[in-house]
Amino acid sequence: MDGPASILLDFTLCIGCGACEDACQEEHNLPADPPEDRLDYRNYTVVLKKDDQYYRKMCMHCEEPTCASVCPVAALIKTEEGPVIYHPDKCIGCRYCMMACPFGIPAYEWHKPIPVIRKCIMCNERVSAGKQTACAWVCPVGACRFGPREKMLAIAKRRIAQFPDRYVDYIYGEKEVGGTSVLMLSGTPFEDLGFRMDLGEQALPELTWTVMSKIPNIVITGGILLGGISWIIQRRMDIEKENLSALDEHIKNQEKGGDA
Amino acid sequence: MTSLIAYWQRLSGHRRFAWITAGFIILLGLVLTYRRFFIGLGDVTNLTDEFPWGFWIAFDVVGGVALAAGGFTLCFLVYIFGYHRYHSIVRPTVLTAFLGYILVAVGLLYDLGKYYNIWHPIVMWNPHSVMFEVAWCVILYLTVLFLEFLPVVLEKFNLIAPLRFMQKLTIPIVLMGVILSTLHQSSLGSVFLIVPNKLHPLWYTPILPLLFFLSAVMVGPAIVILESSLSARLFHRGLETPILADLARFLQVALLVYVAVKIQDLFVRGVVGELFTGEYEAYHFMGEMLCLFFAFVILAFRKLRTNQRWLFTAATLVGLGVVYNRMNVAWIGMLRGTGASYYPAWTELATSAFLITVGMVAFYFIAKFFPIFPELEEEHSHA
């Protein structure tokens, strides 16, 4: 494929059949009776309805994923093909990914003694084998398309230009937090569907990297500075002590001399 | 057993009550520990996918690390800056910091879903993650605190040669401790840099790491004062009031610096208006600032500063103010942005109380049987 994989969701085409949900449950061996109104540990995607508009929630597979940047053990990583995948064996369960995800996607198995993170992995195995994701493959109306991001973005722009009455003039995911691999088109404003419009265009990992990259400097400069201060102060105290004892000696000698 | 009964009969009513309470909390804590590790986090916490970090992170870890700041501030003053007149309170302070950090680490074990993988950051690196830095700081600083405490154990068992060797290493060890603490205290602020859209603007600022560090420097002397006053009562020993009043001056300066930077930050970011919205965030922000304000007023008067009770009150207020701040950042300030309605379950509170109780009992026994307080030490050798 030319460039990293991406998924284009066109909510105006969705008929709410739920085939993508079923295909996803089957592909990833998830339980057959997941919740129908939200994401949790039992599903990777969910089709919802607001007024007359169907829409879908799933991992956005950010270009610069916040979850992968905050994971202390690199259990979450973005592959070259595009999916953000998860290694449960590495995970320590700190849930920083859940805290940090601007879209609130990763879910947790709160009811288990040994829980793991659950989220869409963009059918990583299928994608590496050159296939489409299960949801894109099964969609009967083309509301979920799979392909290179450049191409999907071009399609999205063309559709908006061709049918300005059908779409709101916005591609969700084009610029959000530095851009995502999942792109969305809608006829209803995205904020009405519960999508955050205040995320900004800056990739969030940059916020912490500006601090993290300074650490080696802090350690080296701080170490030399503190060591220097301690040495100078110690040295001055030693000299003062020597001077005092020399003075004592001097006084004693004089007293002796006086006696003789 | 008979000596234990005799010991019990000699205890005052207050102390009997304290031991019974501690015993009850510990028993309850053991039951909750079982439920946490064999049933799951969901059984003992109110955590949800929307609000994955709760009271244990806010209080036990983020708050706990702040309250363990006494160790590095005092060691800095004594060993780096040569304030040797504080030497007599170094050992109890280091012990408090050591136990504090062990409690933080244990608290973390309770919170981590796959706690047995806690060592993974040592071999699986991600230098982009603040949590990676936090993990390394905890591991290294725990080692440093162990080394700082080691001379006490060596002295107890009269191991002169290794004791001399350790004393030669004092300065480099303290240096490492100060740098690691600086990194760790600030990194707990950096943890929240990644949630600009979730944390309320009263607390979200690019200088969060600086604010966390400055407030740790401020709360350090306050914790030393609290810990000295409490152990003075517990062990019926004289209190180093002149030393503590002196330390209170440091506290006062650090407090002024922290509050000045914090208020200036509100103006620079243009969010002063958020204080007058009448929303709950504004009241909680004012709450943490009021604690510090009252402490400042007390410390401003020499008469109050040199009075044991007032000094204790001021130090308590500073401790409260800092813990309040950590709770605001990790909990209160995150509610609106995440749309969650989290409040801790009683089982979360009880588990935290359990860990603190175990820590205090450990401090009591270590201080009783190891040379921690110089004048108790003399009693040991006379006996």
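A:Cys123 counts as buried, at 7% relative accessibility; here buried means under 20% relative accessible area, exposed over 50% and partly exposed in between, with a 1.4 Å probe and protein chains only. A:Cys123 sits in the loop between strand 7 (117-118) and helix 4 (124-128) of chain A. Helices (H or I, at least four residues) and strands (E, at least two) are DSSP runs, numbered from the N terminus. The backbone deserves a look here too: A:Cys123 is not a glycine, yet its phi is positive, at about 40°. Most residues other than glycine have a negative phi.

Before going further, please keep in mind that this is a predicted model, in which local features need pLDDT of at least 70, side-chain atom pairs count only at pLDDT 80 or more, and totals for chains, interfaces and linings use all residues. Residues are numbered from 1 along each chain as its sequence is written, chains are lettered from A and ligands numbered from 1 in the order in which they are written, and side-chain values use heavy atoms, with hydrogens and water left out.

B:Asn158, a residue other than glycine, has phi near 55°. Its place is the loop between helix 8 (130-156) and helix 9 (160-168) of chain B, and B:Asn158 counts as exposed, at 61% relative accessibility.

Back in chain A, another loop residue is worth a visit. A:Arg42 lies between helix 1 (19-27) and strand 2 (46-50), and is partly exposed, with a relative accessible area of 23%. Beyond its neighbours within four places in sequence, A:Arg42 is in contact with A:Gln25, A:Leu30, A:Pro31, A:Pro34 and A:Pro35, where contact means heavy atoms within 4.5 Å. A:Glu109 is 67 residues away from A:Arg42 along the chain, and their C-alpha atoms are separated by 8.9 Å.

Chain A has eight helices and nine strands. Its radius of gyration is 30 Å, well over the 18 Å that the globule rule gives for 260 residues, so chain A is more spread out than a compact globule. That radius is taken over C-alpha atoms, and the rule is 2.2 Å times the number of residues to the power 0.38. The domain assignment gives domain 1 (5-204) and domain 2 (214-259), with bounds that come from an automatic or database assignment. The C-alpha centres of these two domains of chain A lie 65 Å apart.

Chain B has 17 helices and zero strands. For its 383 residues a compact globule would have a radius of gyration near 21 Å, and the 21 Å of chain B agrees.

The table sets out some values for each chain; accessible areas come from the Shrake-Rupley method with a 1.4 Å probe, and for residues only the protein chains shown count as cover.

| Chain and property | Value |
|---|---|
| Chain A, buried residues | 48% of 260 residues |
| Chain B, buried residues | 56% of 383 residues |
| Chain A, accessible surface | about 13,100 Å², 53% from carbon and sulfur atoms |
| Chain B, accessible surface | about 16,900 Å², 72% from carbon and sulfur atoms |

Finally, among contacts in chain B between residues at least 6 apart in sequence, 77% join residues at least 24 apart.
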